[in-house]
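Please read the points alongside the coordinates.

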Amino acid sequence: QFMLIIWLQGIWLPLHGYDFSQTPLWAGIYLVPLTVGFLVAAPLSGILSDKFGPKPFTVGGALLTGASFLLLIFVPVDFAYWEFAIVIALNGFGSGLFFSPNWAEMMNSVPADRRGAAGGMIATFQNSAFVLSIGIFFTLMVAGLSSKLPGAMFSGLTAQGVPAATAAPISHLPPIGVLFASFLGYNPVQQLLGPLLHQLSPAHAAYVTGREFFPHLITAPFHSGLGVAFGFAIAANVIAAIASALTGPRTPVPAAPEPLGYELAAVAGDGSFEPGELVVPSVPEESTAPPDKPD
């Protein structure tokens, strides 16, 4: 989601007439198909997995999500919105297919009296993975940007009249700063150049701070970084599909039974024994008196 938001805020929305200050709101609006796909699939897969078993939905959902990331690699950076909406809706739908039956399968694999602890561990690992994934994706994105962004930034700035001595250090700033400027709704070039804009001609200053300069500048490097990040996402989903396919039906382990002595003592109504003590039910002695004669 962070990658898609930066894609929208840094490139697509400015190219389609949105001011950088408006892009945070509109990026969320344009990502609604992702949420809709998830909201449709999650309850549906939960209901159907109860009837047909979880494996088709966990395996199919992971593969569908991976396929949607593969499609996103081939979507052009300046895309037609309808094709982007379809692909992210498929992404949300695949995630929803996977989520509900996967959670239920994990919960059903533990004893009933351990499900509270199991739910806590699932939530812990899931939230930890959310945080870790942000670091992994941004690291991969920055790695992809670092190879192409400095050269593109330097040539683009110098072409607009920025002195080479000024453009060189700006172009070698960490790419994460450029990404987060657009992510927070600021014009990245305006933030980078600052007072240096007054040294440019009015026409060049207006162009480099306009809606087209930065998106065109970052398009090729950003697409390279997207390919690396989405490649990792595809690999993660394939691993999830394989792991889901290898799981088998598990019978919940019953809770440990009480010792036999407790059961026998409960029947005899005597609780004065010690654990481990052998309890033998008493047998009434046979009567030696002659049986009563019938009248």
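This is a predicted model: local features need pLDDT of at least 70, side-chain atom pairs count only at pLDDT 80 or more; totals for chains, interfaces and linings use all residues.

The numbered points below cover helices, surface, aromatic pairs and charge.

1. Helix 3. Helix 3 covers residues 32-52, 21 residues in total, and runs 30 Å from its first C-alpha to its last, close to the 30 Å expected at 1.5 Å a residue. Its buried residues are P33, L34, G37, A41, A42, S45, G46 and S49. The cover over these buried residues includes helix 2 (23-30), helix 4 (55-74) and helix 5. Just after helix 3, G53 adopts a positive phi of about 95 degrees.

2. Helix 5. With 28 residues at 1.5 Å a residue, helix 5 should span 40 Å, and the 41 Å between its end C-alpha atoms agrees with that.

3. A104 belongs to helix 5, which comprises residues 81-108. How far apart are A104 and S49 in space, C-alpha to C-alpha? The distance is 9.1 Å, although 55 residues separate A104 and S49 in sequence. S49 is among the buried residues of helix 3, whereas A104 counts as partly exposed because its relative accessibility is 29%.

4. Nonpolar surface. L71, W82, I86 and L90 make up a nonpolar patch on the surface, and together they have about 400 Å² of accessible area. Helix 5 gives the most to this patch, with three residues. W82 lies in helix 5 and counts as exposed because its relative accessibility is 58%, above the 50% cut-off.

5. Aromatic pairs. The count comes to 17 aromatic pairs. One of the pairs joins W26 and Y30, which are tilted at 40 degrees between the planes and lie 6.1 Å centre to centre. W26 and Y30 are four residues apart in helix 2, so about one helical turn separates them. Is each of these two residues buried or partly exposed? W26 is partly exposed at 29% relative accessibility, while Y30 is buried, its relative accessible area being 16%.

6. Aromatic cluster. W7, W12, Y18, W26, Y30, F79, Y81 and F84 form one aromatic cluster. The W26 and Y30 of point 6 are therefore both members, being four residues apart in helix 2.

7. Salt bridge. How many salt bridges does a search of the whole structure find? It finds one. R114 forms a salt bridge with D113, and their closest N and O atoms are 3.3 Å apart. R114 counts as partly exposed because its relative accessibility is 49%, and D113 counts as partly exposed because its relative accessibility is 46%.

Notes:
Residues are numbered from 1 along each chain as its sequence is written. Side-chain values use heavy atoms; hydrogens and water are left out. A salt bridge is a side-chain nitrogen of Lys or Arg within 4 Å of a carboxyl oxygen of Asp or Glu. Buried means under 20% relative accessible area, exposed over 50%, partly exposed in between (1.4 Å probe, protein chains only). Helices (H or I, at least four residues) and strands (E, at least two) are DSSP runs, numbered from the N terminus. Patches are made of residues with over 30% relative accessible area and no salt bridge: like charges are joined within 9 Å, nonpolar side chains (Val, Leu, Ile, Met, Phe, Trp, Tyr) within 5 Å. Accessible areas come from the Shrake-Rupley method with a 1.4 Å probe; for residues, only the protein chains shown count as cover. The expected span of a helix is 1.5 Å times one less than its number of residues. Contact means heavy atoms within 4.5 Å. Rings of Phe, Tyr and Trp (its six-membered ring) pair if their centres lie within 6.5 Å; planes under 30 degrees apart count as stacked, over 60 as edge-to-face and the rest as tilted.
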